[in-house]
Amino acid sequence: MTTDTDATRDRHICTACGEAYPTERLLVLHRGARHPDALDAAEVEAYREAYYEEEDELKSFRVRALGVLVLLYFGFLMLFIVFAS
């Protein structure tokens, strides 16, 4: 069971705008997208790494989602052929 103190302790707060994020990675992505002028060289590099990691994850998700849609399409097509004929 989590309490309010646990939830606020685990949050990462943006120093520029005060928004809270549940993970450090989301905070890095937020700061890089919303406050790019306030970043130093190490933070810019961390943003780029997090951005590329998320880009790879999204690309992988899109490929898997497309595969599922194709399987569903052909599965329903086969069911239609079997039961409609």
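1. Is Arg 25 buried, partly exposed or exposed? Arg 25 is partly exposed, with a relative accessible area of 30%. Here buried means under 20% relative accessible area, exposed means over 50%, and partly exposed lies in between (1.4 Å probe, protein chains only). Accessible areas come from the Shrake-Rupley method with a 1.4 Å probe, and for residues only the protein chains shown count as cover.

2. Basis of the note. This is a predicted model, in which local features need pLDDT of at least 70 and side-chain atom pairs count only at pLDDT 80 or more, while totals for chains, interfaces and linings use all residues. Residues are numbered from 1 along each chain as its sequence is written, and side-chain values use heavy atoms, with hydrogens and water left out.

3. Salt bridges. The structure holds 3 salt bridges, each defined as a side-chain nitrogen of Lys or Arg within 4 Å of a carboxyl oxygen of Asp or Glu. Glu 54 pairs with Arg 25, with the closest N and O atoms 3.2 Å apart. This pair links distant parts of the chain, Glu 54 being in helix α3 and Arg 25 in helix α2 (residues 24-34), 29 residues apart. Helices (H or I, at least four residues) and strands (E, at least two) are DSSP runs, numbered from the N terminus. Glu 54 is partly exposed at 27% relative accessibility.

4. Glu 57 lies in helix α3 and Arg 25 in helix α2, 32 residues apart. Glu 57 counts as partly exposed at 43% relative accessibility.

5. The Arg 31 pair. A salt bridge joins the side chains of Arg 31 and Glu 43 (3.5 Å, N to O). Arg 31 is in helix α2 and Glu 43 in helix α3, so the pair ties together parts that are 12 residues apart in sequence. Arg 31 is buried at 11% relative accessibility, whereas Glu 43 is partly exposed at 30%.

6. Negative patch. Glu 45, Glu 49, Glu 53, Glu 55 and Asp 56 gather in a surface patch of negative charge. Patches are made of residues with over 30% relative accessible area and no salt bridge, like charges being joined within 9 Å and nonpolar side chains (Val, Leu, Ile, Met, Phe, Trp, Tyr) within 5 Å. Asp 56 belongs to helix α3 (residues 41-84) and is partly exposed, with a relative accessible area of 49%.

7. Nonpolar patch. Leu 66, Val 70, Tyr 73, Phe 74, Leu 77, Met 78, Phe 80 and Ile 81 make a nonpolar surface patch of about 810 Å². Tyr 73 is in helix α3 and is exposed, with a relative accessible area of 53%.

8. Record annotations. The unreviewed UniProt entry gives "domain: C2H2-type" for residues 14-35; this span is 50% helix and 9% strand, with its end C-alpha atoms 10 Å apart. The unreviewed entry also gives "transmembrane region" for residues 65-84. In the model, residues 65-84 are 100% helix and 0% strand, and the end C-alpha atoms are 28 Å apart. UniProt annotations may be inferred rather than shown by experiment.

How values were computed:
Lys, Arg positive; Asp, Glu negative; His and termini not counted. Charge placed at Lys NZ, Arg CZ, Asp CG, Glu CD.
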